[in-house]
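These are my notebook entries on a structure that I looked through chain by chain. I set down what I looked up and what I found.

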Amino acid sequence: MNSAAGSIQIEALHKTFAGADGHTVQALDDITLSIRQGQFVAIVGSSGCGKSTLLRLIAGLDLPSSGRLLFDGEPVTGPDRLRGMVFQDPNLFPWLTVRQNIAFGPRMRGRARETAAAVDALAALVGLGDFIHSWPHQLSGGMAQRAALARTLVNEPEVLLLDEPLGALDSFTRMAMQDEILRLWAELGPTAVMVTHDIDEAIYMSDRVVIMTPRPGRISQVIDIDLPRPRDRGGDAFLRLRARLLEVFHLAHRVPATPEYSL
Amino acid sequence: MKRPGLKVETLITLDTVASILLAWELVTRFKLVTDILLPSPGTVWTTFLQIRAEGYKDHSLLQHLAASLGRLGAAFALVVVTAIPLGLWSGCNSKVSAVLDPLVEFVRPLPPLAYYTLLVLWLGIENGSKIALLALAGFPPVFIACVAGVKRVKGDLLQCARTLGASQGQLFLHVVFPACLPDIFTGLRTALGVTYSTLVAAEMVAAITGIGWMVLDASKFLRSDVIFVGIILMGLTGILLDRALRLIEVKAVPWKEKNR
């Protein structure tokens with residue numbers, strides 16, 4: 001697939017929303033982040049820290065209030081198949097079979113026939129070769145998310161945006177899917193940006209972990225994960241990084257260190 | 001979903017029909033009411049065979065049925081090609097909805113007979129006014145179902161389609177429309193019921209054909225046996241039409257069965 005491009009440059013980005021009661025809500029405050037082509041970046045933070053908003057901005061589903069957001073050096077002005085997104089809910093089209101779902105993107109571009117073989121190959125690659133004629137409601141949660149992945153990957157995206165794609169899965173399926181996503185990422189080579197609230201998942205999968213804090217959404221720290229893949233979830237280096245990340249989180253969230261009662 | 005050969009519920013339904021027929025037969029057999037008020041099942045059956053063989057007032061039974069179904073079909077087609085696109089458009093665009101919604105809200109509760117005379121004056125006494133009447137009755141349910149359908153389309157599904165490269169037009173055609181199909185069919189079935197029940201009213205004025213007209217004509221002569229034949233035929237045709245629409249729905253919305 002396309003490995004020539006897929007870099008993202010975010011400079012002094014702000015995003016405000018109009019709140020329900022009239023005054024504005026500062027969702028993202030002064031975000032500066034540079035993501036190299038082919039990198040796997042995880043964005044972690046508690047809910048309300050703006051991590052999903054940031055992902056939506058990269059996808060082009062929303063536009064920045066100020067600052068710059070460049071994709072391969074060009075400002076992002078709207079959604080593009082080159083920045084594919086997988087949501088927490090697989091969002092498969094219920095009226096299309098698995099195969100038709102995967103072929104949705106190419107069909108929109110009028111390239112259904114040319115990509116027929118690629119669609120079948122991707123279905124097989126994500127392990128859905130035997131289910132291409134099933135309806136979405138017949139799939140399990142993990143299978144549906146595989147189909148959603150294939151549907152995005154068939155578009156040959158330069159950037160793969162993952163918005164808590166495994167958040168709704170049980171932990172066994174979840175770990176299997178983490179390996180699955182890593183395998184596809186390594187094989188197809190897109191830049192990957194994943195939002196998650198699972199610290200282990202972030203360490204296990206990514207090259208860099210971006211930690212965000214809420215109200216307003218800011219980047220508090222970026223930690224490089226220099227562990228070779230495949231990673232050992234129980235290894236010493238892994239656990240040390242985990243402890244460090246947790247520490248950052250406690251600091252970032254200012255959990256009172258002393259109990260609120262005294263003896 | 002288990003599918004046994006014959007469900008208990010089906011037997012109960014058949015039993016109910018049989019009981020009603022039996023009660024009907026007994027009431028007439030023992031002359032509990034006069035023939036004019038309630039003809040016996042046998043008389044109705046004989047009348048049916050007679051009408052089928054000789055027709056009713058210059059037209060065969062088939063012609064009467066065809067006349068009614070023709071009007072119904074034309075009106076229904078008119079509803080399909082107007083109410084579906086306008087309803088979907090109105091659901092997508094608040095300005096369009098600002099124009100159309102109040103009009104539909106106004107027409108919807110009106111009894112069709114209230115404006116039928118006007119339609120006859122404007123469109124003539126032929127089929128045009130009858131079809132228009134049926135179409136006006138059938139328009140609101142389909143329109144409203146389409147608007148509701150669009151409102152129910154998940155926003156995530158639309159955004160997902162956008163990230164996959166769908167343009168605005170493609171969003172409408174490939175996401176909004178198929179997502180609304182189940183609602184559209186619900187609207188169509190409601191509309192079928194409404195237009196069908198308006199049919200008799202439509203055939204009251206200056207018709208010489210149609211099942212509805214046959215019943216009304218028979219009423220003038222107190223031919224209760226003919227009235228019964230007409231009513232039973234209308235009832236059965238109504239059920240058949242609804243079944244047909246459901247069959248089309250299963251073909252057009254194959255994903256619906258277990259998903260909703």
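**Confidence.** I began with chain B of this predicted model; its mean pLDDT, the predictor's confidence in each residue on a scale from 0 to 100, is 89, and 96% of its residues score at least 70. For the model I recorded an ipTM of 0.86 and a pTM of 0.82.

**Conventions.** I number residues from 1 along each chain as its sequence is written, and chains are lettered from A and ligands numbered from 1 in the order in which they are written. As the model is predicted, local features need pLDDT of at least 70 and side-chain atom pairs count only at pLDDT 80 or more, while totals for chains, interfaces and linings use all residues; side-chain values use heavy atoms, with hydrogens and water left out.

**Chain A overall.** I counted eight helices and ten strands in chain A, taken as DSSP runs numbered from the N terminus (helices H or I, at least four residues; strands E, at least two). The radius of gyration of chain A is 19 Å, close to the 18 Å of the globule rule for 263 residues, so chain A is as compact as a globular protein of that length. That radius is taken over C-alpha atoms, and the rule is 2.2 Å times the number of residues to the power 0.38. The C-alpha trace of chain A spans about 70 × 45 × 35 Å along its principal axes.

Of the 263 residues in chain A, 52% are buried (under 20% relative accessible area; exposed is over 50% and partly exposed in between, with a 1.4 Å probe and protein chains only). I also looked up contacts (heavy atoms within 4.5 Å): in chain A, 70% of those with a separation of 6 or more join residues 24 or more positions apart.

**Cis peptide bonds.** I found a cis bond between A:R215 and A:P216, with omega about -10 degrees; A:P216 sits in the loop between β9 (208–213) and β10 (218–224) of chain A. The bond from A:R229 to A:P230 is also cis, with omega near 0 degrees. A:P230 belongs to the loop between β10 and α8 (236–253) of chain A.

**Positive phi.** A:E164, not a glycine, has a positive phi of about 45 degrees. I placed A:E164 in the loop between β7 (159–163) and α6 (171–188) of chain A, and it is buried at 13% relative accessibility. B:D58, also a residue other than glycine, has a phi near 75 degrees. B:D58 is in the loop between α2 (41–54) and α3 (61–92) of chain B and is exposed, at 79% relative accessibility.

**Two helix residues.** A:T152 lies in helix α5 (residues 141–153) of chain A and is buried at a relative accessible area of 2%. Leaving out residues up to four places away in sequence, A:T152 touches A:G84, A:M85, A:V86, A:P157, A:L160 and B:L164.

B:A135 lies in helix α6 (residues 127–152) of chain B and is buried at 10% relative accessibility. With the same exclusion of residues up to four places away, B:A135 touches B:A75, B:L78 and B:V79. I also noted that B:A135 and B:A83, 52 residues apart in sequence, are 9.6 Å apart from C-alpha to C-alpha.
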